[in-house]
Amino acid sequence: MIGLGHLARCSGLLNALLTKGVSSVLLTEDNEVSGAFLRDQNSVIYENRSRLTDVSNWPPASMYIVDLYDYDPALYLDLKRNNKCVIYIYDDENHVIPDGVDGVINPNIYANDNEYPGVQALCGMQYYVFREEIIHARKQCAPEEDYVFVCMGGSDPEQMTSVVATAISEVSEKSIVAVLGDPDEIQMDRLMKIRNLSLHIRPSDFASLMTGARYAVTGAGSIAYELAYLRKPMILIQLAENQKMIAESFGKQDGVVNLGDFRCFSNKTIQEAVAEVESGDNVTAKIDFSLGTGGAERLAEKLLFSARNMDEHS
C-alpha cells in the first residue's frame, strides 16, 4: 500500500516484538487506510490526531516508542513520568531531539550514532524496517518490463506526479506506470492526457509494480529505500525538507540521480536525467542492503535489552 511509510515500519517493529513474546500495542489515528492496514493486528486506532497525541489516553507501558512529526517536549516529558523509557523514531537531519527522550531510532542512510550524544542511538540502514511484501518481491525475482515507475508518495500535494510524467513522456518511448494515493480532479485530468500512461490509485500490487519497472522516478522517502532494496535505478526528487539528506546520500550511489528540491528544477532537468538513466539501461542500483532485511528484528533485540536494563536499575 502507498503513503504508509511510518505505519508500515511501526507495524513491522510491532510484529517483531510480539514474535519475541513482548506484550506490545500500536497506537495510531484513524484515516481511510489505517484500519484496513492494521486489520488483525494488536492496535488501538484513535478518532483523530488530537486524541492520539493526548498521552493520558495511552495504555501504561514500560517503554514508549514514538514515531510522530511532533517535536513538542511536553508530549515526551508527560511520557517520562514514573520513569518510563521513551524512544523516539527520528526522521530528520537536524539531530535535535526533544527533552524527555531516552533514545533515538534513525534508520536513514546518512544517520550515525555519534550524532546523538547522551542517549541510546540506533542509527543506520541496519535498522531499516522493510515491509514483508517488498522482501518477498525481491526474492521472487520477477522479470522486468519496459516501463518507468513514477510515485511521489501517497498524497502528492505539489502535484509532481503529473509534472514528472509529462516531462518523461516528451522524451521517452517507454510506458509510464504512475501510482497515487488520493489524486484530486486537476491532477487526474492532467494524467489522463499523458500518452502511454497507466494510472494506479492505491494499488494492492504496489510491490510488483516497483519490481517490474526498468527504473523509477520518485520522492526521497520510504519508497526510495524500497526501490533501492529492489535494486532499481532511480531518479530522486526531494519533496520535503526531511528528504534532503536522504536524496543527497542516495545520489552518491551508482544507479541513482538526485535532482534535488522539486522547487529548483525544470522539465529539462528531469528530461536530462531520464536520458542519462535510459542510456545505461543495464545499470542497477548498487546499494548495500545486506543487513537491511533484519531491521525489525535488530530493533526488537536492542529495545528488549534496553527494557531489561531499565527494569534492573529501577
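Two strands count as paired if DSSP finds at least two bridges between them.

A word on the source. This is a predicted model, where local features need pLDDT of at least 70, side-chain atom pairs count only at pLDDT 80 or more, and totals for chains, interfaces and linings use all residues. Residues are numbered from 1 along each chain as its sequence is written, and side-chain values use heavy atoms, with hydrogens and water left out.

Start with the sheet. It is open, has six strands, and runs β9-β8-β7-β10-β11-β12 with parallel pairing. Which strands stand at the edges? They are β9, residues 197–201, and β12, residues 256–261. Each has a single partner strand, so one side of each is left without a neighbour in the sheet. From one strand to the next, the twist averages 15°. Angles, by the way, run from 0 to 180 degrees between N-to-C directions, with axes as lines fitted to C-alpha atoms, for helices over the stretch in contact.

β11, residues 234–238, pairs with β12 over four bridges, in the parallel sense. Met-234 sits opposite Val-256 of β12.

Next, the helices on the sheet. Contact, from here on, means heavy atoms within 4.5 Å. Helix α6, residues 160–169, packs on the sheet and touches β7 (147–151), β8 (175–180), β9, β10 (215–219) and β11. The direction of α6 makes about 175° with that of β8. Helix α7, residues 185–192, also packs there, touching β8 and β9. Its angle to β9 is about 150°.

Buried or exposed? Ser-172 is buried, at 1% relative accessibility. The cut-offs: buried is under 20% relative accessible area, exposed is over 50%, partly exposed lies in between, using a 1.4 Å probe and protein chains only. Beyond four places in sequence, Ser-172 contacts Arg-195, Val-274 and Glu-278. With Glu-278 there is a side-chain polar contact of 2.7 Å. That term means a pair of N or O atoms within 3.5 Å; within protein, one must be able to donate a hydrogen and the other to accept it, and residues adjacent in sequence count only if both atoms are side-chain atoms. A polar side-chain atom of Ser-172 also lies 3.1 Å from the backbone nitrogen of Lys-174.

Glu-278 takes us to helix α11, residues 267–278, where we also find Ala-273. Ala-273 is buried, at 3% relative accessibility. Leaving out neighbours within four places, Ala-273 touches Ile-235, Val-257 and Leu-259. Ile-235 is 38 residues away along the chain, yet the two C-alpha atoms are separated by 7.0 Å.

Another loop residue: Gly-212, between α8 (206–211) and β10. Gly-212 is buried too, with a relative accessible area of 4%. Residues up to four places away aside, Gly-212 touches Pro-143, Glu-144, Glu-145 and Tyr-147.

Last stop, helix α4, residues 73–80. Its buried residues are Leu-75, Tyr-76 and Leu-79. Just after α4, Asn-82 takes a positive phi of about 65°.

Conventions:
Helices (H or I, at least four residues) and strands (E, at least two) are DSSP runs, numbered from the N terminus.
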